[in-house]
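I opened a new notebook page for this chain. My plan is to go through it place by place and write down what I look up.

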Amino acid sequence: IILSLIVLIGGISKLSVINEGIQWFSSIVIAFAYLIANASFKFNEKYVENLMVIKQLPIPAQRFWLAKFWNGFCPVLWLIILGLTIIFFKFGFEWKIILPSTVVVLFIAFTLIYFQTNFALYSYPFSWYAIAWYNLYIIIAAIFFTALLFPPLTIGFLIFGYAAVFRVFKRFKTVDVLDDQD
């Protein structure tokens, strides 16, 4: 987090054009959200954060995953706020450039963290592959957007991801916990 702050502050302060500042800001925030999402997989238990414990929590599972989402998204949100503050002081309030890029960065960061939060459950009972499937999913979305230059396909692909997460929430109550400790 501190390294991202240093790179963000140092990069924007050395630039002289707002477009370059926005590109730097967007790149750092998206990279930071991606790194936070991948690092969060390390905190998962081998079997979907120990589903047996989650199913016995006194709070609903959706509330548990929402809290997990905010733990990953809040540092990204603070980085966005800090970056925008630096851009405002350095380049002024050029809303025609800043507002669309901020919306895009918020959407991408939200999507990266939200999918990570729910990907281990989506891949159950093969949750030990969740990090590989998550990264493959993100790489395919990036290829659709960059190499194929077809944003509608990317948007459809991401909407499918959100729909899959909602299906997982519906099936969570009926999922039987597999005990593979034998």
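**Entry 1**

I began with Ser4, which sits in helix H1. Helices here are DSSP runs of H or I with at least four residues, strands are runs of E with at least two, and both are numbered from the N terminus. I am working with a predicted model, where local features need pLDDT of at least 70, side-chain atom pairs count only at pLDDT 80 or more, and totals for chains, interfaces and linings use all residues. Residues are numbered from 1 along each chain as its sequence is written, and side-chain values use heavy atoms, with hydrogens and water left out.

Is Ser4 buried or exposed? I found Ser4 buried, because its relative accessible area is 15%. The cut-offs are under 20% for buried, over 50% for exposed, and partly exposed in between (1.4 Å probe, protein chains only). Next I looked up what Ser4 touches, leaving aside neighbours within four places in sequence: Ile28, Phe32 and Leu79. A contact means heavy atoms within 4.5 Å.

I then checked Leu3, also found in helix H1. Leu3 counts as exposed, because its relative accessibility is 64%.

**Entry 1: The whole chain**

I stepped back to the protein chain. How many helices and strands does the protein chain have? I noted 7 helices and 0 strands. Along the sequence the pattern reads α-α-α-α-α-α-α. The protein chain has 182 residues, and 41% of them count as buried.

**Entry 2: The nonpolar core**

Which residues touch the most other members of the largest nonpolar core? I wrote down Phe25, Ile87, Phe115 and Tyr134, out of 40 residues in this core. Such a core is a set of buried Ala, Val, Leu, Ile, Met, Phe, Trp, Tyr and Cys residues joined through side-chain atoms within 4.5 Å. At least two residues of this core come from each of helix H1 (2–14), H2, helix H4 (61–91), H5, helix H6 (130–146) and helix H7 (151–171).

I followed Phe25. Not counting residues up to four places away in sequence, Phe25 touches Leu8, Ile12, Leu79, Ile80, Gly83, Leu84, Ile87 and Val105.

Gly83 was my next stop, in helix H4. Gly83 counts as buried, because its relative accessibility is 0%. With residues up to four places away in sequence set aside, Gly83 touches Leu8, Ile12 and Phe25. I also noted that the C-alpha atoms of Gly83 and Ser26 are 9.1 Å apart, although 57 residues separate them along the chain.

I moved on to Asn38 in helix H2. Asn38 counts as buried, because its relative accessibility is 13%. Beyond residues up to four places away in sequence, Asn38 touches Ile131, Tyr134 and Asn135.

Ala39 lies in helix H2 (residues 18–40). I logged Ala39 as partly exposed, because its relative accessibility is 37%. Its C-alpha atom is 9.5 Å from that of Gly72, 33 residues apart along the chain.

**Entry 3: Rings and Trp95**

I searched for aromatic pairs and counted 10. Rings of Phe, Tyr and Trp (its six-membered ring) pair if their centres lie within 6.5 Å; planes under 30 degrees apart count as stacked, over 60 as edge-to-face and the rest as tilted. Why is the pair of Phe88 and Trp95 tilted? The planes stand at 55°, so I logged this pair as tilted, with ring centres 5.4 Å apart. Phe93 and Trp95 form a stacked pair, at 6.0 Å centre to centre and 15° between the planes. I also saw that ring pairs link Phe69, Trp70, Phe73, Phe110 and Tyr114 into a cluster.

Trp95 has its place in helix H5 (residues 95–122). Trp95 is partly exposed, because its relative accessible area is 48%. Phe93 is exposed, with a relative accessible area of 56%.
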